[in-house]
Amino acid sequence: LLRYALPVTHASSPARARRWPLDLLFFVGATLAALWAELAPGDVAVALKLVPMGTLIVHLALRLRAGEVARRMAVALLLGLIVSTVGDVVIAYQFLAGIAAFLLAHVAYLVAMGRPRGGAAQNGAATLPALAVGGTMGWILVGGGRLPGPLRVPVLIYMVVISAMLARAVARAFVAPRTRASRAFLVGAALFVTSDALIALS
């Protein structure tokens, strides 16, 4: 998804062809991390998360250095991926610190997507799916009493930010700029929200 979610400034086919080992390392690392986390949770499982995230960071950094992608968006995404990686590690040991890291990552993703374009009514309508998802999760977690008291406010703040990120991604995909890159970004945002929702419900 990262390959398609960024507007391309110019193609660099030879350089892209040389990056296939990163793609392979990402899929192998992601598979191992998922299996290890399921079969033997612990420090090794946490460390394995660094493999797929690290390859994403290196891949994006190489594309940025080659001038293949829009700089402002790529820099913000790069910061978001780095902070997300920190969150992946920290949340295994300190939940609130991990939530804070992911919140900052979503702020970076919001910055990457830039200001809304198009009509106010269209952008407002684009927020409805995110409001529905965020509202439902808030009702389940807080209204359903799934969260301990001290976690309710931090988690609600996090949900507001991730819902804003999803709403912005929806608007980019269906209002403006409505490009293949913006649709790929939306898929990534939706997968992030789905993952968080499944974790919250488990």
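1. In this predicted model, α6 and helix α9 (residues 149-174) pack with their axes 10 Å apart, at an angle of about 20 degrees. Angles under 35 degrees count as roughly parallel, and α6 and α9 are therefore roughly parallel to each other. The crossing of α6 past α9 is left-handed.

2. Which residues make this contact? On the α6 side they are F95, L96, I99, F102, L103, H106, V107, Y109, L110 and M113. From α9 come L151, P154, V155, I157, Y158, V161, I162, A164, M165, R168, A169 and R172. Sorted by class, the contact of α6 with α9 has 19 nonpolar residues, 1 polar and 2 charged.

3. The protein chain has an average pLDDT of 87, and 91% of its residues score at least 70. Confidence is highest in helix α6 (residues 95-113), at a mean of 95, and lowest in helix α1 (residues 13-17), at 56.

4. Now to A200, which lies in helix α10 (residues 180-201). Is A200 buried, partly exposed or exposed? Its relative accessible area is 25%, so A200 is partly exposed; the buried class would need a value under 20%.

5. What does A200 touch, once neighbours within four places in sequence are left aside? Its contacts are then M137, L141 and R146. As for A130, 70 residues from A200 along the chain, the C-alpha atoms of the two are separated by 17 Å.

How values were computed. Residues numbered from 1 in each chain as written. Predicted model: local features only at pLDDT ≥ 70, side-chain atom pairs only at ≥ 80, totals over all residues. Heavy atoms only, no water. pLDDT = per-residue confidence, 0-100. Helix = DSSP H or I, 4+ residues; strand = E, 2+ residues; numbered from the N terminus. Axes fitted to C-alpha atoms, helices over the stretch in contact; angles between N-to-C directions. Parallel < 35°, antiparallel > 145°, perpendicular 65-115°, else oblique. Left-handed = near helix turned anticlockwise from the far one by under 90°. Contact = heavy atoms within 4.5 Å. Nonpolar A, V, L, I, M, F, W, Y, C, P; charged D, E, K, R; others polar. Buried < 20%, exposed > 50% of the residue type's maximum accessible area, 1.4 Å probe, protein only.
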